[in-house]
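Have the structure open while you read.

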Amino acid sequence: MKPTFKAQPMQVQVPATSANLGPGFDCLGLALTMFDRYIAQVQDEPGVDVDVTGEGADDVPRNDKNLVIKAMYKGFEFLGGKPRGIALRQLNVIPHGRGLGSSASAIVGGLSLARALVLGGNERMSDEAMLVLANEMEGHPDNVATAIYGGANIAWQDMQRGATVAQSVHIEVDARIGALAFIPATSVATSKARKMLPESIAHSDAVRNSSNAALLVHALAQRPDLLHTATQDFLHQSYRKEAMPQSFALLTKLRNAGVAAFISGAGPTVLVLHTGGPSEAEELRRAAGDKFTATELGIARTGASLISA
């Protein structure tokens, strides 16, 4: 059935996300209180009208190659058909290429806008269907699941009827946990970081990693005192060291001091989970020096959401 498009503009905000969280490679994600905003309206004139401000404004495409537009098209096709034209205004706050889920935000933002611009879109595209569509674009489900649902999530992929289907389970994060992101000026492409990973690892490392990933779920939900142990990775971080030496120097320094630090996503941002107050956060900032921008963040309890335009 062809969709009926709403005439009024719709606006969504989508949180930044940190994936992996140490040992949870491609399966664990955490939403953070840093948000990109996207506002879109269906137009009678064919084509797209895109304006971008904020992070990456000089580099983000202003045509149908724009990732938000691509996601909107994918969403509209799922809902039965595309409009003649789209006007998009994009306010980017999440840094690009830093391991904080900027592409997941764009994908989930575009799909959310498509759903919001179609009459009855919420009934025709469930969150579960959105996750499947987003995973098809992103290639791994951890960031996109977390951008949709907020909080923390375990995400995975199953084969169903010959197709790969993404699924996730939501984790309520202990209210005592906060985050501190150490964001460097330089970026690292996710594709480059993935190419640095080995085809196999030692059995002992696999055991330690799976143990910590399981423990991390419990630590996030109920036992933040276990976060330092639970965020220790043996699967992927060390193999990416050459691509982000300053981040690894900071990571090593923080972990040696007993801080629950890890590389956020594919990096090079270093994320710290802690339960301390402002004085502890300030002490952590000083430890990082001047090579990073330290940003204190909370856990975003909800994912992509409509806001008044």
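Predicted model: local features only at pLDDT ≥ 70, side-chain atom pairs only at ≥ 80, totals over all residues.

Residues are numbered from 1 along each chain as its sequence is written, and side-chain values use heavy atoms, with hydrogens and water left out.

**Pockets**

A pocket here is an open set of points on a 1 Å grid over the protein atoms alone, where a 1.4 Å probe fits and protein lies on both sides within 12 Å along at least five of seven lines; lining residues have an atom within 4 Å of a point. Volume is the space filled by probe spheres set on the points, which are joined across faces, edges and corners.

| Pocket | Volume | Lining | Top contributor |
|---|---|---|---|
| Largest pocket | about 520 Å³ | 36 residues | S2, four residues |
| Second largest pocket | about 250 Å³ | 18 residues | H9, five residues |

In the largest pocket, Gly97, Gly101, Ser102, Ser103 and Thr190 lie nearest the centre. Elements supplying at least two lining residues each include strand S1 (10–20), strand S2 (24–43), helix H1 (67–79) and helix H2 (102–116); helices (H or I, at least four residues) and strands (E, at least two) are DSSP runs, numbered from the N terminus. That lining splits into 13 nonpolar, 15 polar and eight charged residues, where Asp, Glu, Lys and Arg count as charged, Ala, Val, Leu, Ile, Met, Phe, Trp, Tyr, Cys and Pro as nonpolar, and the others, Gly among them, as polar.

For the second largest pocket, Gln232, Gln237, Ser238, Phe248 and Leu251 lie nearest the centre. Helix H9 (245–256) and strand S8 (260–263) each give at least two residues to its lining, which has seven nonpolar, seven polar and four charged residues.

**Helix pair**

Helix H4 (residues 127–138) packs on H5 at about 145°, axes 9 Å apart; axes are lines fitted to C-alpha atoms over the stretch in contact, and angles run from 0 to 180 degrees between N-to-C directions.

**Aromatic pair**

The structure holds one aromatic pair. Ring centres of Phe5 and Phe76 lie 5.5 Å apart with planes at 90°, so the pair is edge-to-face (centres within 6.5 Å; planes under 30 degrees apart count as stacked, over 60 as edge-to-face, the rest as tilted). Because Phe5 lies in the segment before S1 and Phe76 in helix H1, the pair ties together parts 71 residues apart in sequence.

Notes:
Phe/Tyr/Trp six-rings, centres within 6.5 Å; stacked < 30°, edge-to-face > 60°.
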